[in-house]
Amino acid sequence: MSITKNAPQSASSEILDKVRVVLVNTSHTGNIGSTARAMKTMGLSQLVLVDPVDKPDGKASALAAGAGDVLANAKIVSTLEEAVKDCGLVVGTSARSRTLSWPMLEPRECGEKLISEVEQYPVALVFGRENNGLSNEELQQCHFHVCIPANPEYSSLNLAAAVQTLCYEIRMAFLNKSRIPEETNEYPLADDLERFYSHLEQTLSKTNFIIPQHPGMVMTKLRRLFNRARPETQELNILRGILASVDKSIKAKD
């Protein structure tokens with residue numbers, strides 16, 4: 001028996017085609033198929049698989065049920081950086097207990113945040129491995145983290161259930177889009193931010209502020225700082241200009 005109802009479709013439903021669900025290093029193909037089904041029930045279609053242990057197979061197809069098209073069109077890439085490089089907003093799923101805190105969103109905030117920015121550029125929601133989630137390095141590539149407030153006495157959600165929960169929030173935000181303020185600031189894409197962080201680390205190494213090859217927690221904390229500040233595109237260009245000026249001064253002294 002179905003407990004769902006069909007929501008009226010807006011002419012702008014193609015907006016959801018710019019919401020990307022990214023699975024990192026998934027070990028069970030059945031979870032990939034179940035994810036495709038969870039996505040399609042909420043109107044999402046863009047699935048990206050980062051270095052899956054196995055490619056989608058018959059088990060994935062069986063669990064995808066009527067979402068075979070989402071599964072068939074899934075893109076497979078080698079790294080998370082490649083999966084989100086053209087996205088302006090990246091949200092990673094994470095438990096709250098981390099050594100270094102990061103800007104956090106509740107599931108409802110997550111859906112609203114993604115929908116408020118999706119008309120400007122693609123956005124991504126990233127899920128980690130079934131056994132241990134996303135690595136710290138992968139989480140640092142995300143602007144925000146989202147945590148599902150499950151029962152603390154039994155908080156183990158399987159991957160597809162987590163995808164379904166957050167995709168539902170995205171759909172609800174989409175259906176109530178007229179009530180959500182649209183983000184008008186222009187933010188850099190993930191690829192531009194990664195180039196900035198690389199440039200920043202190189203310059204800080206040249207000034208001996210950090211030790212080359214051993215940046216310790218400095219770069220992690222700087223990533224957190226800039227993710228929290230969320231510099232706009234023009235602001236990031238200014239920061240890159242400052243770094244270029246420092247590089248030029250260092251070269252002149254050599």
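The second largest cavity is lined by Gly88, His143, Tyr187, Pro188, Leu193, Tyr197, Phe226, Asn227, Arg230 and Pro231. Helix 8 and helix 9 are the elements that give two or more residues to this lining; helices here are DSSP runs (H or I, at least four residues), numbered from the N terminus. The volume of the second largest cavity is about 50 Å³. On a 1 Å grid over the protein atoms alone, a cavity is a set of points where a 1.4 Å probe fits but cannot get out, and lining residues have an atom within 4 Å of a point. Grid points are joined across faces, edges and corners, and the volume is the space filled by probe spheres set on the points. By class, six residues of the lining of the second largest cavity are nonpolar, three polar and one charged. Ala, Val, Leu, Ile, Met, Phe, Trp, Tyr, Cys and Pro count as nonpolar, Asp, Glu, Lys and Arg as charged, and the others, Gly among them, as polar.

This is a predicted model, in which local features need pLDDT of at least 70 and side-chain atom pairs count only at pLDDT 80 or more, while totals for chains, interfaces and linings use all residues. Residues are numbered from 1 along each chain as its sequence is written, and side-chain values use heavy atoms, with hydrogens and water left out.

The structure has two cavities of 30 Å³ or more. The largest cavity holds about 90 Å³ of space. Its lining has 14 residues, with Gln141, Cys142, Ala190, Leu193 and Glu194 nearest the centre. Helix 4 (80–84), helix 8 (190–206) and helix 9 (218–229) each give two or more residues to the lining of the largest cavity, and helix 8 has the largest share, five residues. This lining comprises five nonpolar, four polar and five charged residues.

Next comes the largest pocket, with a volume of about 600 Å³. A pocket is an open set of points with protein on both sides within 12 Å along at least five of seven lines. The largest pocket is lined by 24 residues, of which Ser94, Ala95, Ser155, Leu157 and Ala162 lie nearest its centre. Helix 7 (residues 159–175) contributes the most to this lining, three residues.
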